[in-house]
Amino acid sequence: MEKLKYLPVLMYHNIGEQKKGVSLSNFCLNPAEFELQLDYLLKKNYTSLDFADLEAILSGAKPCPKRPVMLTFDDAYFETLEKVAPLLTSKNLKGIFSVVTDYLGKASTWETENSASLTVSETQIREYQNALISFESHTAGHKNLAQQTPEENLSDLSLSKKRLESVTGKRTRAVFYPYGDYNEKVKAAAAKAGYIFGLAIATTKRTTMEDALEMRRVYIKSSDSFLDFKRKIANWYICFRGFRESVREKRRQV
Ligand SMILES: [Zn+2]
């Protein structure tokens, strides 16, 4: 566990051109800029992990790389997958796409900016998944879990896991909490549904792996400069500045 103290888990949404007619979205990153970030990770010898790797590392079955990193893409928009998958493949980097299982192949309804974007379909998941590209759960219905009852959450999370596993034929290990919102009851429901990892955004935990069901992520925004990106993935940022910002953000939510 100690070795994974500095695991930066990067959070992306869309990689593509900004949609015309809407205000500049921090969720939508320019592909050229994204590629620069990937090249920087390679230059600095980062090793990208998926959740099977993470489980193996935590159990001691695999050694921990010197500089681990996780690249996560929320909502699994097909437009993004289509651009990102070849890019990651050409650089031999792993990417994790979180899927809202009631919306496979449909347009999202939870983000007005992206409401016209289609999420991946079952066929596309099967077509794109490989040693580098994996899919994890972003719940069944993209509801705010912190506002649902434990029974509703257990049913939502179990359904989503089962559905995704039937599509991928692989174990679903992680759930990405919609809006990054969770509480102790949500975490308990996630564990009961069989998830090992829970992905938050802001948390009050100092390290990423202090609580596997409350993993903090680094939000990479389109307004970030390249220098911001370099700072955000640095160990000192994750443990100090990023930690402080995360605690402040978490307090605002409650
Ligand atoms: Zn989402």
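User: Which element gives the most to the lining of the largest pocket?

Analyst: This is a predicted model, and its largest pocket holds about 450 Å³ of space. Three elements, β10 (218-219), α7 (226-232) and α8 (235-253), each supply at least two residues of the lining. With eight residues, the element that gives the most is α8.

User: Which residues that line the largest pocket are the closest to its centre?

Analyst: The lining of the largest pocket has seven nonpolar, three polar and 10 charged residues. Of the 20 residues that line this pocket, the closest to its centre are Tyr-219, Lys-221, Lys-232, Tyr-237 and Glu-245.

User: Is α5 parallel or oblique to α6?

Analyst: Helix α5 (residues 150-168) packs with helix α6 (residues 184-192) at an angle of about 40°, and their axes are 9 Å apart. Angles under 35 degrees would count as roughly parallel. The angle of the pair therefore makes α5 oblique to α6.

User: By class, which residues make up the contact of α5 with α6?

Analyst: From α5, Pro-150, Asn-153, Leu-154 and Leu-157 meet Lys-185, Val-186, Ala-189, Ala-190 and Lys-192 in α6. By class, this contact has six nonpolar, one polar and two charged residues.

User: What is the volume of the second largest cavity?

Analyst: The structure holds two cavities of 30 Å³ or more. The volume of the second largest cavity is about 40 Å³.

Notes:
Residues are numbered from 1 along each chain as its sequence is written. This is a predicted model: local features need pLDDT of at least 70, side-chain atom pairs count only at pLDDT 80 or more; totals for chains, interfaces and linings use all residues. Side-chain values use heavy atoms; hydrogens and water are left out. On a 1 Å grid over the protein atoms alone, a cavity is a set of points where a 1.4 Å probe fits but cannot get out, and a pocket is an open set with protein on both sides within 12 Å along at least five of seven lines; lining residues have an atom within 4 Å of a point. Grid points are joined across faces, edges and corners, and a volume is the space filled by probe spheres set on the points. Axes are lines fitted to C-alpha atoms, for helices over the stretch in contact, and angles run from 0 to 180 degrees between N-to-C directions. Helices (H or I, at least four residues) and strands (E, at least two) are DSSP runs, numbered from the N terminus. Angles under 35 degrees count as roughly parallel, over 145 as roughly antiparallel, 65 to 115 as roughly perpendicular and the rest as oblique. Contact means heavy atoms within 4.5 Å. Ala, Val, Leu, Ile, Met, Phe, Trp, Tyr, Cys and Pro count as nonpolar, Asp, Glu, Lys and Arg as charged, and the others, Gly among them, as polar.
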